[in-house]
Amino acid sequence: MAALPVSKVMIDAGTLHFINFDHQQDFEGVEVICTTPFSPIDAKQIAAFPPNIKLIASVGVGTDHIDLAAAEKAGILVTNTPVKKDDTADFTFALLLALARQVVANNAFIRQGQWSANNMTGVIGEPIHHQTLGIVGADVVSQKVAQRAKGFDMDILYYADKPNQKMNALGARFCEQLDSLLLAADFVSLHCQLTENTQHIINADKLKLMKPSAMLINTARGGLIDEVALIECLQAKSIKAAALDVFETEPDINPQLLSLDNVLLTPHISSGTHACRQDMLNTLLKNISHYLNQNKDAMNLVTL
């Protein structure tokens, strides 16, 4: 890959360079802005960009931190860096297993010196084999999570806009209504995109439908869950537990979540393997290189 003209590229929230979007003088001569989900770019910022900015190159799959409509209106291209779906599926299942088998609690049990001849049992968990997993979504990650669940002999349900042939081929059963999935599932895992229609798809009313023994996993987007409602639910133990890798206002986390012992928290790390992160950076640079070489068809373009 040809060397990139650094004077044309500005990297935000990376190891190359930090910028402040409020300082418009930083953008003199810049054609490409690189960003991450932790640096939102809204319509107001885009409207203030000088006309020399032609590409917003984002690291990661999601682009809900960028106002795509405003970018399109300004004639600015937006790219993302699709991740290795197996990594996210692996981590989703790691969270599911950690919740079910009380891995964190048993680690603390050992470290706090509670294991003794008089206290041998540790913290007893729940099985996942032959339990019901409800998957919200039918994308590639959903399919790979279903593959893993199949290996544990789980009964798999999924909810999506329409039946998905690949999910069906894995033995997953389509639910036309989210409510029916929530009523039946022992574990619920979220894997849909964050849109106006899916914002708070899990809210107070939906949480009330879940079994008291059910566990909720979210490795997709924080905005899919009404966190205030979830906190109230976990405090009341209306569901057994939750595992969250994403949050509504990340990296800021509602402090009430930190005080709960029935929620497992991780820092948006579901795709976080060394191989995946390297691949994401390589894809970022390829997107920029393709733009500079006017090879638009090869870019990971994101549109409305």
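Helices (H or I, at least four residues) and strands (E, at least two) are DSSP runs, numbered from the N terminus. The structure is a predicted model, in which local features need pLDDT of at least 70 and side-chain atom pairs count only at pLDDT 80 or more, while totals for chains, interfaces and linings use all residues. Residues are numbered from 1 along each chain as its sequence is written, and side-chain values use heavy atoms, with hydrogens and water left out.

View 1. Ala100 lies in helix α3. At 1% relative accessibility, Ala100 counts as buried; buried means under 20% relative accessible area, exposed over 50%, and partly exposed in between (1.4 Å probe, protein chains only). Apart from neighbours within four places in sequence, Ala100 is in contact with Gly125, Glu126, Ile128, Phe187 and Met215, where contact means heavy atoms within 4.5 Å. Leu265 is 165 residues from Ala100 along the chain, and the two C-alpha atoms are separated by 15 Å.

**View 2. Helix α3 along its length.** Helix α3 comprises residues 85-100, and its 16 residues should span 22 Å at 1.5 Å a residue. The expected span of a helix is 1.5 Å times one less than its number of residues. The end C-alpha atoms of α3 are 23 Å apart, which agrees with that expectation. Among the buried residues of α3 are Asp87, Phe91, Phe93, Leu95, Leu96 and Leu99. Just after α3, Gln102 takes a positive phi of about 55°.

**View 3. Strand β8 and its partners.** In a regular strand the side chains alternate between the two faces of the sheet. From strand β8 (residues 187-190), Phe187 and Ser189 point one way and Val188 and Leu190 the other, and all are buried. Strand β5 (residues 132-136) runs parallel to β8 and is joined to it by four bridges; two strands pair if DSSP finds at least two bridges between them. Leu190 in β8 is the bridge partner of Val136. Strand β9 (residues 215-218) also pairs with β8 in the parallel sense, over four bridges. Here Val188 stands opposite Leu216 in β9.

**View 4. The crossover from β8 to β9.** Together, β8, helix α8 (residues 204-209) and β9 make a right-handed β-α-β unit. A crossover is right-handed if, with the strands pointing away from the viewer, the path from the first strand over the helix to the second runs clockwise.

**View 5. Leu216 in strand β9.** Leu216 is found in strand β9 and is buried, with a relative accessible area of 0%. Leaving aside neighbours within four places in sequence, its contacts include Leu99, Val188, Leu190, Leu207, Ile239 and Ala242. Asp279 is 63 residues from Leu216 along the chain, with a C-alpha separation of 29 Å.

**View 6. Cys175 and Cys192.** A search of the whole structure finds zero disulfides, a disulfide being a pair of cysteine sulfur atoms within 2.5 Å. The sulfur of Cys175 is 14 Å from the closest cysteine sulfur, in Cys192, and is therefore too far for a bond. Cys175 is buried, with a relative accessible area of 9%; Cys192 is buried as well, at 15%.

**View 7. The whole chain, for orientation.** The protein chain has 11 helices and 11 strands. Its C-alpha atoms fill a box of roughly 70 × 45 × 35 Å, taken along the principal axes. Of the 304 residues, 45% count as buried.
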